[in-house]
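Here is a short report on one protein chain. Look at the structure first, then read on.

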Amino acid sequence: INDLQIPEGIAVDWIYRLIYWTDRGAKTLSVANFDGTKRKVLFDTNLKEPASVVVDPLSGFIYWSDCGTPAKIEKAGMNGVNRQLLLSVNIERPKGIALDHMKERLYWIDAKLHTLSSIDLNGQDRRTVLQSHKILARPSAVALFEDHVYWADEKVIYEANKYTGDNVKLLASNVEPGDILIYHELIQ
């Protein structure tokens with residue numbers, strides 16, 4: 001795919017073989033086939049600093065975060081219809097988002113508030129899982145697997161219980177993670 005300015009987030013629709021991405025420079029959220037054909041800008045209005053993006057092809061929704069002012073998390077149909085604001089209150093810099101398909105929750109890390117939080121897929125039932133200036137000093141990405149949440153923060157990767165924030169473990173240090181992904185046969 002050519003003509004990208006500052007691509008920030010990428011998500012894969014494994015069912016229809018599409019890629020979705022945010023471009024912070026162009027202030028867009030776009031989609032294309034795996035080979036880059038049939039490229040389409042889904043959103044190019046009311047985006048300040050689009051960041052992370054996740055898709056749920058089973059339910060047909062796309063979710064994304066925007067670190068601009070005002071910061072927010074939104075969702076829409078994967079075809080770009082029915083755009084909805086999920087969260088815009090008490091959120092400052094939602095750098096990474098992750099989808100819990102089983103529990104139907106969306107998790108995000110806020111790099112300015114130093115929090116790891118979640119909401120249901122309608123933007124309700126907000127929960128703060130962790131708040132720490134030490135282990136969430138400059139978080140950049142988040143991922144989920146089973147009962148655990150993983151996040152990248154500066155030069156380290158952590159793990160904790162995704163419901164309670166308990167049992168925080170340092171998994172790796174002296175690394176420079178730009179993103180974090182979980183690879184397992186149970187995940188698409």
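## A pair of strands and their turn

In strand S14 (148-153), Asp153 is the bridge partner of Pro139. Strands here, like helices, are DSSP runs numbered from the N terminus; a strand (E) has at least two residues and a helix (H or I) at least four. Strand S13 (139-145) and S14 run antiparallel and are joined by 6 bridges. Two strands count as paired if DSSP finds at least two bridges between them. S13 and S14 form a hairpin, with 2 residues between them. Glu146 sits in the turn and has a positive phi of about 50 degrees.

Is S13 enclosed or open? S13 is largely enclosed by the rest of the structure, because 6 of its 7 residues are buried. Buried means under 20% relative accessible area, exposed means over 50%, and partly exposed lies in between (1.4 Å probe, protein chains only).

## How the model was read

The model is predicted, so local features need pLDDT of at least 70 and side-chain atom pairs count only at pLDDT 80 or more, while totals for chains, interfaces and linings use all residues. Residues are numbered from 1 along each chain as its sequence is written, and side-chain values use heavy atoms, with hydrogens and water left out.

## The whole chain

The protein chain has 16 strands and 0 helices. Its radius of gyration is 16 Å, close to the 16 Å that the globule rule gives for 188 residues, so the chain is as compact as a globular protein of that length. The radius is taken over C-alpha atoms, and the rule is 2.2 Å times the number of residues to the power 0.38. Along the principal axes, the C-alpha atoms of the protein chain fill a box of roughly 45 × 40 × 30 Å.

Buried residues make up 49% of the 188 residues. Now take the contacts in the protein chain with a separation of 6 or more: residues 24 or more positions apart account for 33% of them. Contact means heavy atoms within 4.5 Å.

## A second hairpin and an open sheet

Strand S9 (94-100) and strand S10 (105-110) also form a hairpin, with 4 residues between them. In this turn, Glu104 has a positive phi of about 55 degrees. S9 and S10 run antiparallel, joined by 6 bridges. Ala98 stands opposite Tyr107 in S10. S9 is largely enclosed by the rest of the structure, because 6 of its 7 residues are buried.

Elsewhere, 4 strands make an open sheet in the order S1-S2-S3-S4, with antiparallel pairing. Strand S1 (7-13) and S4 are the edge strands, each pairing on one side only. From one strand to the next, the twist averages 25 degrees. For such angles, axes are lines fitted to C-alpha atoms (for helices over the stretch in contact), and values run from 0 to 180 degrees between N-to-C directions. Strand S3 (residues 28-33) is joined to S4 by 3 bridges. Val31 has Lys40 as its bridge partner in S4. In a regular strand the side chains alternate between the two faces of the sheet.

## Nonpolar cores

Which residues touch the most other members of the largest nonpolar core? They are Leu116, Leu130, Leu136, Val142, Val149 and Trp151, in a core of 15 residues. S10, S12 (127-131), S13, S14 and S15 (156-161) each supply at least two residues of this core. S15 gives the most, with 3 residues. A second, separate core has 14 residues, including Ala11, Tyr20, Leu47 and Trp64. A nonpolar core is a set of buried Ala, Val, Leu, Ile, Met, Phe, Trp, Tyr and Cys residues joined through side-chain atoms within 4.5 Å.

## Salt bridges

How many salt bridges are there? The count comes to 9, where a salt bridge is a side-chain nitrogen of Lys or Arg within 4 Å of a carboxyl oxygen of Asp or Glu. In the one between Arg93 and Glu49, the closest N and O atoms are 3.3 Å apart. Arg93 lies in the loop between S8 (84-87) and S9, and Glu49 in the loop between S4 (40-43) and S5 (50-56), so the pair ties together parts that are 44 residues apart in sequence. Arg93 is partly exposed at 29% relative accessible area, and Glu49 is partly exposed at 25%.

Arg83 and Glu74 form another, with closest N and O atoms 2.8 Å apart. Here Arg83 is partly exposed at 26%, whereas Glu74 is buried at 5%. Asp125 and Arg127 form a salt bridge too, at 2.7 Å between the closest N and O atoms. Glu8, Arg24 and Lys95 are linked in a network of salt bridges.
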